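Dear colleague,

I am passing on the structure we spoke about, and below it you will find some notes on what turned up when I went through it. Please read them with the coordinates open beside you.

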Amino acid sequence: MQLVAITRENIAPYVALRMEIADEEGRRYYQTIDLATAILTQGSDYVLQDEDGKMQAAVTIRRKETREGGLLVMMSAEGKDKKPETNASLLRAVLATENTNIATRDTRYHVYNPSEVTLPHTEMTEMGFAEIPGTYRYKREPGPPRSGEFPHADRAVERGYTTLVIDDSYVASDPEIFEKLADVYNRAFSNRESVNPSTPERMRKNYEADANDIIIAKLGDEVTSSITLSYLGDSVLSPQYTCLRRHWGTGSVDLMCRHLAQLVADRWNVPIIGYAEARNAASWKALERFGLTRVEELMIWERRIPAGEAFTI
């Protein structure tokens, strides 16, 4: 097997592979974004090809410096075959490209399970990995805002915050809105190891997708927070909200998410789905404050390599 980077030359068949192997929720989400542009912008996708040049697995490998100065390597390998053992073999082929590498600093490897598959415990532990919580999946049942939810929203109103759904007329009145949204996003997630920076062009494409809406919070003329929602047919996916640090604790996110709940109830009356990293207690506690209930714990696999030691499998 050969590991090949994804470029403009092979993006089309790779997107088709991604769509084929995704679960139903992932497939519907991909349809709300420009997947090819997102993949090329992130620059972290590869494909495992066999000797005949056929694509066997979609692969992601991202390397990011941690807040402590170490290195976090995030990877996944997912093939068409949903059998755990097959996906473990594909992962081993990807990990072989790291074999004997000497860590120049403390390094953590995070391996994500393919959709609808849990990698086999025996094979993963044999490769030196331990299972840890990665992401929590949350769900809010259909309906408008309920008593006890969004408890700080009224505080934000008293402080002068407002929320709105951006539309073409708003974009015309604020031509720099996508630059502002990208800036808020990048500053909000500057310390999040697993999040890649965004761009104004990507924000515009998200806005232009038929299934998407963007809600923003403002204080006067300043855009302070945003949240993107994607209508998936039987639910609304709201994967992340952003808020500038100086507006934390103001209730502006509660206000924005209350707007989201009312909008979803009025338009579709379907559940809202959200995700939060297990290590980010502030995010998942906020989701619970907004009336979402944890329904699933998605595990990942971790291996630590101290500086000066070699990665081996």
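Before anything else, please keep in mind that this is a predicted model. In helix α1, which runs over residues 11-21, the buried residues are Ile11, Tyr14, Val15, Leu17, Arg18 and Ile21. Viewed down the axis of α1, these buried residues fall within an arc of 160°, so they line one face of the helix. As for their partners, the buried residues of α1 pack against the helices α2 (24-30) and α3 (35-42), and also against the strands β2, β3 and β4.

The residues of α4 that are buried are Asn87, Ala88, Leu90, Leu91, Val94 and Leu95. Because they cover an arc of only 160° around the axis, they sit on the same side of α4. Among the elements that cover these buried residues are β2 (45-49), β3 (55-65), β4 (71-79), β5 (107-112) and α5 (121-126).

Is serine 44 buried or exposed? Its relative accessible area is 4%, and since a residue under 20% is counted as buried, serine 44 is buried. Leaving aside residues up to four places away in sequence, serine 44 touches Ile39, Val59, Thr60, Ile61 and Arg62.

Notes. Residues numbered from 1 in each chain as written. Predicted model: local features only at pLDDT ≥ 70, side-chain atom pairs only at ≥ 80, totals over all residues. Heavy atoms only, no water. Buried < 20%, exposed > 50% of the residue type's maximum accessible area, 1.4 Å probe, protein only. Helix = DSSP H or I, 4+ residues; strand = E, 2+ residues; numbered from the N terminus. Arc of directions from axis to C-beta. Contact = heavy atoms within 4.5 Å.
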